[in-house]
Each structure stands twice: as C-alpha cells, then as structure tokens.
Amino acid sequence: MTDTPKQEHATAADELAALSTDVADRRPQALIDAMGPQTESQETGTSLWAGALQRLRRNPSAIIGGIIVVAFIAVALLAPLLAPYKPSTTEWANEITPSTLPDFSPEHPLGLDSFGSDFLTQLIYGARQSLIIGVVSTLLGLAGGALVGGLAGAFGGWVDTLVMRFVDILLSIPALLLAVSVAAVMGRRPEALMVAIAAAQVPVFARLLRASMLKQRGQDYVLASTSLGLRHRTVVMSHILPNSLGPVIVQATLMLATAIIEVAALSYLGLGAPDPTVAEWGRMLVKAQERLESDPHLTLLPGLCIAVTALGFTLLGEALREALDPKTRR
C-alpha cells in the first residue's frame with residue numbers, strides 16, 4: 001500500500017525536525033562558548049537597577065561594605081538609645097589628672113576622655129555628627145555639581161566652555177585646601193564644614209554629569225526623540241538627564257566616604273564647632289594626642305572608626321559601580 005499525501009507530509013516533517021536537532025547538536029563548541037550562558041537578567045528581563053541589585057547580592061565586597069554602612073547608620077540614628085550617658089557630659093572632670101585617666105569600669109567600659117566625658121558615649125555620638133555632616137555636604141555638592149554639569153551638558157557651545165573653565169579652576173585647587181579656605185571664611189560651626197566639603201565636591205560631580213550627558217546625547221533614542229519633534233528641553237529633562245544619573249549616584253556613595261574623612265580632617269585642624277566637648281571623631285583625635293603614650297586607646301578607637309566607616313562606603317560604592325558598568329559587570 002502506498003502512503004497517502006498526509007502521511008508523506010508527516011514523514012517529511014519528522015525528518016526535518018530530526019535534521020534540525022542533529023544540526024543543533026553539532027554546533028561548534030566555540031560558537032556555544034561565544035554565546036555564553038544566559039544571565040538571570042536576560043532570562044527574566046529585569047531592569048538595570050534590579051539586575052544590579054542581584055549582582056550586589058553575589059558580591060562579597062558589597063556585602064561587607066553594606067554591613068559596615070548599615071551598622072554605622074544604625075549607631076548614628078540610635079545614638080540616644082545606645083549611649084549610656086548624655087553627650088558632652090563632663091561631670092567626671094574632677095577624676096582627671098594631667099598625667100592619668102581612671103581605669104575602665106562597668107560604668108565606663110572605655111573609660112573617660114580628657115574632658116571627663118564617657119568615652120563610649122563620645123564615640124557613639126561622633127558617628128551621628130559624622131553622618132549628618134557627611135550626608136548633608138554630599139547632597140549639597142551633588143546638587144551644585146548637578147546644576148553646573150547639567151547646564152554644560154544640556155546647552156553645550158559657549159555655555160559648556162564657560163562653565164567647564166570655571167570647574168577647571170576649582171579642580172586646580174586641592175580639595176582639602178579649598179575646604180579649609182571656605183571653612184576659615186565662614187567661621188567655626190557645623191554649617192561651615194558642610195559648605196566647605198560640598199564646595200570641594202561640586203567640580204567632581206559637575207564633570208561626571210557633563211561627561212555622562214554628552215555620551216547620552218549621541219545615542220539613537222535622542223536622535224529619534226528629536227526627529228519626532230520633541231523640544232530640546234523635553235529631551236534633556238525626560239530622557240538625557242535621567243539616563244545620566246547612574247554614574248553620579250555611584251560617585252555620591254564614594255564621595256560620602258571622602259566627606260567623612262574630610263570632616264575629621266577639618267575638625268583635626270580646628271575648623272569644627274568651637275565647643276571642645278562636642279562629640280566628633282576628628283576633634284577626639286586632636287585632644288587624644290596629649291595622652292598618646294599613656295592612653296593610646298583615645299587615639300586608636302576614633303581613628304579606627306573613621307577608617308572602617310570610610311572603608312564600608314568605599315567597598316559599597318565600588319561594588320555598585322561594577323554592578324552598573326557593563327564593561328566590569330560580573
């Protein structure tokens with residue numbers, strides 16, 4: 001009996017499917033390696049930030065940095081609950097002598113400082129002071145840099161040239177020297193520290209945002225938006241600027257670590273709050289120099305707090321940069 005046309009068609013389809021499977025199984029290994037395994041973001045179609053969060057969870061540096069940052073923020077916010085005494089309390093000043101300090105005790109686990117204040121309380125409230133000044137100064141620097149860099153990146157031409165020459169002048173001045181100059185002019189108060197540190201950060205954020213916006217201006221979606229008749233302001237504010245903020249946000253995380261170090265440096269130079277009993281890690285380092293040989297913990301503990309906190313923000317910022325950058329994406 002001869003096969004019917006329908007049976008012949010089914011047989012040909014089965015042979016074609018078998019041939020396709022055989023060809024797929026014989027793909028060169030080099031081609032398979034070049035294609036690479038599908039990532040989780042490719043399979044599920046996650047967004048850029050969702051994919052970055054998934055990569056951060058698998059990055060040991062990000063985990064360590066995140067733990068340090070969360071612990072630092074928790075200590076700063078919960079200082080009234082964690083500290084055994086009120087800050088700047090000097091009721092034990094009569095126990096201090098020019099050469100010695102009282103030993104550690106259950107009432108004072110880390111002893112007293114040179115002013116007769118509980119040292120553990122000063123360390124805890126020092127985290128709050130560093131966090132407030134560091135975050136506010138970074139936000140001010142980010143706002144100023146975004147304004148300057150946004151103008152240069154949006155308009156270009158003579159506006160870009162004029163703005164960036166001003167930024168180059170600021171960059172030619174060392175950041176710490178610029179911060180010292182601003183703080184010296186404004187006086188010794190926390191607001192002066194914030195403005196001084198922010199002034200040193202403005203040129204960094206400005207150049208970064210300008211470069212990111214110039215890169216986005218050359219993308220195809222900008223050309224398409226312009227071809228559709230959208231106004232330049234709409235294209236900049238709705239498309240170019242939002243897509244340029246990723247590197248700036250990452251840089252803000254790194255600059256926060258620098259801000260905490262600069263807060264300590266300016267306080268160390270005597271440009272902080274005039275009250276010597278105010279809890280601030282940099283000021284604690286200054287006064288502890290007098291007792292470095294007899295009581296080294298007064299110097300080591302504030303310095304360790306500054307170093308560990310800056311390390312945490314740096315690790316988290318670098319991990320976030322790697323997670324968002326396709327060239328270094330893991």
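Colleague: Let's start with Phe205: is this residue buried or exposed?

Modeller: Keep in mind that we're looking at a predicted model. To call a residue buried, you want under 20% relative accessible area. Phe205 has a relative accessible area of 0%, so it counts as buried.

Colleague: Where does Phe205 sit, and what does Phe205 touch?

Modeller: Phe205 belongs to helix H10, which covers residues 190–217. Leaving out residues up to four places away in sequence, Phe205 touches Thr138, Gly141, Leu142, Gly145, Val248, Gln251, Ala252 and Met255.

Colleague: Okay, on to the rings. How many aromatic pairs does a search of the whole structure find?

Modeller: The search turns up 2. As for reading them, a pair of aromatic rings is described by how far apart the centres are and by the angle of the planes. Take Phe72 and Trp281: their ring centres are 6.0 Å apart and the planes are at 50°, so this pair is tilted.

Colleague: Which parts of the chain does that pair tie together?

Modeller: Phe72 is in helix H5 and Trp281 in helix H13 (residues 281–288), so the pair ties together parts 209 residues apart in sequence. Both Phe72 and Trp281 are buried.

Colleague: And what kind of pair do Phe72 and Phe313 form?

Modeller: An edge-to-face one, with 6.0 Å centre to centre and 85° between the planes. Planes over 60 degrees apart get that label. Here too, distant parts of the chain are linked: Phe72 from helix H5 and Phe313 from helix H14 (residues 297–324) are 241 residues apart. Phe313 is buried, as is Phe72.

Colleague: Now the surface. Which residues make the nonpolar surface patch?

Modeller: Look for Ile73, Leu77, Leu78, Leu81 and Leu82, which make a patch of about 490 Å². The elements giving two or more residues to this nonpolar patch are helix H5 (60–77) and helix H6 (79–82).

Colleague: Let me zoom in on one of them. Is Leu77 buried or exposed?

Modeller: For exposed, the cut-off is over 50% relative accessible area. Leu77 has a relative accessible area of 56%, so Leu77 is exposed. Leu77 sits in helix H5, and buried Phe72 lies in helix H5 too.

Note on methods. Residues numbered from 1 in each chain as written. Predicted model: local features only at pLDDT ≥ 70, side-chain atom pairs only at ≥ 80, totals over all residues. Heavy atoms only, no water. Patch = residues over 30% accessible without salt bridge, like charges linked within 9 Å, V, L, I, M, F, W, Y side chains within 5 Å. Areas by Shrake-Rupley, 256 points an atom, 1.4 Å probe, with all protein chains shown as cover. Salt bridge = Lys/Arg side-chain N within 4 Å of Asp/Glu carboxyl O. Helix = DSSP H or I, 4+ residues; strand = E, 2+ residues; numbered from the N terminus. Buried < 20%, exposed > 50% of the residue type's maximum accessible area, 1.4 Å probe, protein only. Phe/Tyr/Trp six-rings, centres within 6.5 Å; stacked < 30°, edge-to-face > 60°. Contact = heavy atoms within 4.5 Å.
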